[in-house]
Amino acid sequence: MKHLFRTLILVATLAAAASFSADAKKKTDLVEQYPGLAPYFSTPTEEVMRPDDRGFIRRWILLEPIGKPNRGNTVFVDSYVRQNLDTGWNKGDFQVPADGDKVTMEVEYQKPVELTAGRPRSFEPAPIEMKKVKLAWHALDSKLFNVKIFRFATATETGRYGIICRAVTVIDVPEDMENVRLAVGSNSASMWWVDGEEALILSGDRRMVMDDGVSKRLTLKKGRHVITGAVINGPGMSDFCVRLVDEKGNPVMNYNILNK
């Protein structure tokens, strides 16, 4: 009798644990939690992903937007972009973040413009203050060739304008690749690195155009490589697209895209 009782307790405990695990998994599914993401993103599976039919990388780990208020985008000259994007965050002992990892930092915060009356109540910009925040990384697959940062920010209610977004992905190269280039488009300015080494910078107030900038020739050895990027924008939409191209500008397709 005691043996039967213990068995029943064990079965009930395992069932409760399984139910709790399933509920926890459901609660952490960002796309289910924020339906506004659904037209633009999906939750990654455990399966590796390949570049899409035009070679674009659609699997990314995105950090919730870092506040960086700017009234315009004309300030995004090379020196400004480097100062604010190349901060060492992806160098040294950098580890690829897992979905749900959190980062605590101080960011610039400016109260949003009050538009409840249909127009700004004041044309004087609100003062900027420093605010300590905890930002989370989220693993997402883009449904489009261009990753919609603006939609990511607004759907999760973590930002809108005046933001910096960091992005990370990992590719697995089956054999050495020579003379490939990282090709990027972004709205607005951005910087991009391969294995922590700067690949290219796109400065200025620009729209997102595929292959708007390309890196120097790169040799990617067989194995894993980490691609990181940071995009900054003031007012307006934000997005980016990334792919690898060969000497003739054709997309490189023969590699896997991981989320870890």
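Predicted model: local features only at pLDDT ≥ 70, side-chain atom pairs only at ≥ 80, totals over all residues.

User: Which residues in helix H3 are buried?

Analyst: Buried means under 20% relative accessible area, exposed over 50%, and partly exposed in between (1.4 Å probe, protein chains only). Helices (H or I, at least four residues) and strands (E, at least two) are DSSP runs, numbered from the N terminus. H3 covers residues 78-85, and Tyr80, Val81, Asn84 and Leu85 are buried there. Seen down the axis of H3, they fall within an arc of 105 degrees, so they line one face of the helix. That arc is taken from the directions from the helix axis to the C-beta atoms.

User: Which exposed residues does the face turned away carry?

Analyst: Ser79 and Gln83.

User: What do the buried residues of H3 pack against?

Analyst: Contact means heavy atoms within 4.5 Å. They pack against strands E7 (163-173), E9 (189-194), E10 (197-202) and E13 (223-233).

User: Why is E7 largely enclosed by the rest of the structure?

Analyst: Ten of its eleven residues are buried, so E7 is largely enclosed.

User: How many bridges pair E7 with E13?

Analyst: Two strands pair if DSSP finds at least two bridges between them. E7 and E13 have eleven, in the antiparallel sense. Val170 has Val226 in E13 as its bridge partner. E7 also runs antiparallel to E15 (residues 256-258), joined by three bridges. There, Ile171 stands opposite Ile257.

Note on methods
Residues numbered from 1 in each chain as written. Heavy atoms only, no water.
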